[in-house]
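Trainee: I have a model open on my screen and would like to learn how to read it. Could you take me through it, one feature at a time?

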Amino acid sequence: MNNKTLSILSYVTIIGWIIAFVKSKDLTPKSDLVRYHLKQGFGIFLVSLVVNVVLSIIVTIVPALYFLSYIGYVIFILWIFGIINAANEQKKPIPLVGQVFEDKFSFID
């Protein structure tokens, strides 16, 4: 797999992220592009996981706040931005949350 494919795969479910992570270890020389998108993909996965758990709890307690579930669409749009950046081979952060993940997840380096 080339760098572009691994970068895109890092956004496609957690299984795709694991495959991209394992395959990126085999690359010589190490690709900054793949590492960058692995961090961004893992970050957006964690954000979506936390948001979904919190919203599930909130909506269970107060059903009138069901409209908050539309936040999932925002996360989906952010995910699409990440895939587009990976497909264009750009190292741009995901809007709103991407800059937080640029220097995190040292296990990816």
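**Reading a helical model**

Mentor: The cut-offs are under 20% relative accessible area for buried, over 50% for exposed and partly exposed in between, with a 1.4 Å probe and protein chains only. Bear in mind that this is a predicted model, where local features need pLDDT of at least 70, side-chain atom pairs count only at pLDDT 80 or more, and totals for chains, interfaces and linings use all residues. Residues are numbered from 1 along each chain as its sequence is written, and side-chain values use heavy atoms, with hydrogens and water left out.

Trainee: Where is D26 found?

Mentor: Helices (H or I, at least four residues) and strands (E, at least two) are DSSP runs, numbered from the N terminus. D26 sits in the loop between α2 and α3. Its C-alpha atom is 26 Å from that of W79, 53 residues apart along the chain.

Trainee: Is S31 buried or exposed?

Mentor: S31 is also in the loop between α2 and α3, but S31 counts as buried because its relative accessibility is 10%.

Trainee: Which side chain does S31 join in a polar contact?

Mentor: A polar contact is a pair of N or O atoms within 3.5 Å; within protein, one must be able to donate a hydrogen and the other to accept it, and residues adjacent in sequence count only if both atoms are side-chain atoms. Here the side chains of S31 and N3 make one at 3.4 Å. A polar atom of the S31 side chain also lies 3.3 Å from the backbone nitrogen of L33.

Trainee: How many helices and strands does the protein have?

Mentor: Five helices and zero strands, giving the pattern α-α-α-α-α along the sequence. The C-alpha trace spans about 55 × 25 × 25 Å along its principal axes. Of the 109 residues, 33% are buried.

Trainee: What about contacts between residues at least 6 apart in sequence?

Mentor: Contact means heavy atoms within 4.5 Å. Among those contacts, 69% join residues at least 24 apart.

Trainee: Which elements give two or more residues to the lining of the largest pocket?

Mentor: A pocket is an open set of points on a 1 Å grid where a 1.4 Å probe fits, with protein on both sides within 12 Å along at least five of seven lines; lining residues have an atom within 4 Å of a point. The lining residues include Y11, W17, F45 and W79. The elements are α2 (13–25), α3 (32–61) and α4 (71–87), with the largest share, four residues, coming from α3.
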